[in-house]
Amino acid sequence: MGSVRARATLGATAVVAVALVAAGLLLLWLLRSNLEEQVDLQAEVTGRDVAAQLATGRPPDELDLDDGNPVQVVDREGLVHQVSDGLEEITGTGVARVTPDAPPRGSTEQDERRADDGDDDGDDDDDDDPGDVDETRDDEGLPGPGELDDEIGTVTGSAVIDGEAGEYRFAVVEVNTPWDEDLIVYAGAPLDIERAAIDSVRTSMLVGVPALLAVVAGVTWLVTRRALRPVEGIRRGMAEITRSEDLSRRVPEPTARDEVGRLARTTNETLAALESSVERQRRFVADASHELRSPIASLRTQLEVGAAHPELLDVPGAVQDTVRLQVLAADLLLLARLDAGERPLAGSVRLARLVRAEVDERHGDRHPVAIDELADVTVRGSRGQLARVLGNLLDNGQRHAAGRVRVLLREAAGWAELAVADDGDGVPEADRERIFERFVRLDDARSRDDGGAGLGLAIARDVALRHGGTLEVGRAPEGGALFTLRLPIAPDENDPRAAPRGIA
């Protein structure tokens, strides 16, 4: 399923389906439990009412029974004492008979059986009048009050009343009558209402849940399509840009400030950065070709003249053009590595040593280089690249100085500040950022022999940034340019928490 819209719709529908099914099952369980409790309560009320009548001494054949629900009164021997009117069949109570088979109270058989049960001393009292009242009887002629069992049981069964069959829940109530008879009352309550309600809810769910899922799927499909419409516009825009190779074009940005809107804006920012990078690369190639053409042409001319007229060969000029070509090639190679994301080597560099070594190599330059202050600071990075930065700054200072170049190294708030100042004309404030662009030379009128290719300061700033530092230009106290290189100072070598590293 390759469509995000289809996957989102399917996922949302599946989640809602699971939630609805779980909620439906829980609802059915709660409904069933509640209805069963109501049915059990109805059966219990009927059973207690019948048991209460027996406990007060009412004969089974005179009980006031509910004709609409099945009621069966039996004893522990399985004899049926009474059933409700119209009861034709019954199951689940343990006694399937629906016709009273116990003798009525007051009959000879009933009295003899009760007398036998109450004759504890074995005496023969057959000559006594069965109708005589015992001294234990109360004023109404009853031996004493009956008793209901507090524990009410329930069983499930069926019954046929007046030809109509149904499922019932029977309350099981045990009662002891005033004549010490242990009877069991089975009072039923119909389960038809419960099952009808559950079937109704189940049917509603079977019909409603699919309909609701269809609505959820449809709404999700429409909402997702509306939400992803800008994404499709971005895709089409990127496809058109790819086909046309025109990086100046942009994708449409929706007005909504949501994730899609941010995606469109980020895409346009990426396109702008890519356009700038490609344009910068084109200018770099064009400028590099232009800068390489001049020393190559000069060198070729000198070699051709030398081949035709050996006495006219300018060897120093050829060597100078070769060196210039070599330096330019090295600068271009370093810029290419920096553009490719090359990180500096993780070594430790003592800047004071680096400055002394670089200045010592410059004896005999046209302008002397003076060391003003050298703080003993250590930074992390590549010694070769940092030496290249210092060399480029010194070359730039000597190129524009009137007579003196000054170097200063100090520590300031956890940063190493390396400053190179000259007493030349300085850099106009409007051009202080432009001089760090590649192939930029402010003095276009000067000869290429005196000036560089315009790559030294660009390389210096790129190296500074990749070392976590900055390179800025300002005005020196002498009136010329003041270039300040700021680099983070490395952790103290004596700090046991510092990782071991070599000293460059």
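Two strands count as paired if DSSP finds at least two bridges between them. Keep that in mind as we walk through this predicted model, since several stops concern strands and their partners.

**Stop 1: a pair of bridged strands**

Select residues 415-422, which make up strand β12, together with residues 481-488, which make up strand β14. The two run antiparallel and are joined by 7 bridges. To see one of these up close, pick E417: its bridge partner in β14 is R486. R486 lies over the face of W415, 4.7 Å from the ring centre.

**Stop 2: the whole sheet**

Now widen the view to the sheet around these strands. It is an open sheet of 5 strands with mixed pairing, and the order to trace is β9-β11-β12-β14-β13. At the edges you will find β9 (369-374) and β13 (470-475), each pairing on one side only. Direction ignored, neighbouring strands here are turned by 20° against each other on average.

**Stop 3: the helices across the sheet**

Show helix α7, residues 383-400. This helix lies across β9, β11 (405-412), β12, β13 and β14, and its direction makes an angle of about 25° with β12. Then show helix α8, residues 456-466, which lies across β13 and β14 and runs at about 130° to β13.

Back in α7, select Q398. Is this residue buried or exposed? Q398 is buried, because its relative accessibility is 7% and the cut-off for buried is under 20%. Which backbone oxygen does the side chain of Q398 reach? The oxygen belongs to H367, and the distance is 2.8 Å. Leaving aside neighbours within four places in sequence, Q398 is in contact with R362, D365, R366, H367, V369 and V405.

**Stop 4: aromatic pairs**

Next, turn to the aromatic rings, where there are 2 pairs to find. One is formed by Y168 and F170: the pair is tilted, with 6.2 Å centre to centre and 40° between the planes. Both residues are in the interior category: Y168 counts as buried at 7% relative accessibility, and F170 counts as buried at 0%.

The other pair is F436 and F483, arranged edge-to-face with 6.3 Å centre to centre and 85° between the planes. This pair links distant parts of the chain, as F436 sits in the loop between β12 and α8 while F483 belongs to strand β14, 47 residues apart. F436 counts as buried at 7% relative accessibility, and F483 is buried too, with a relative accessible area of 2%.

**Stop 5: a valine in β6**

For the last stop, select V173 in strand β6, residues 164-176. V173 is buried, with a relative accessible area of 0%. Which residues does V173 touch, not counting those up to four places away in sequence? Display G47, R48, A51, I152, L183, I184 and V185 to see them.

Note on methods
Residues numbered from 1 in each chain as written. Predicted model: local features only at pLDDT ≥ 70, side-chain atom pairs only at ≥ 80, totals over all residues. Heavy atoms only, no water. Helix = DSSP H or I, 4+ residues; strand = E, 2+ residues; numbered from the N terminus. Buried < 20%, exposed > 50% of the residue type's maximum accessible area, 1.4 Å probe, protein only. Contact = heavy atoms within 4.5 Å. Polar contact = N/O pair within 3.5 Å; in protein donor to acceptor, adjacent residues only side chain to side chain. Axes fitted to C-alpha atoms, helices over the stretch in contact; angles between N-to-C directions. Phe/Tyr/Trp six-rings, centres within 6.5 Å; stacked < 30°, edge-to-face > 60°. Lys NZ or Arg CZ within 6 Å of the ring centre and 35° of its normal.
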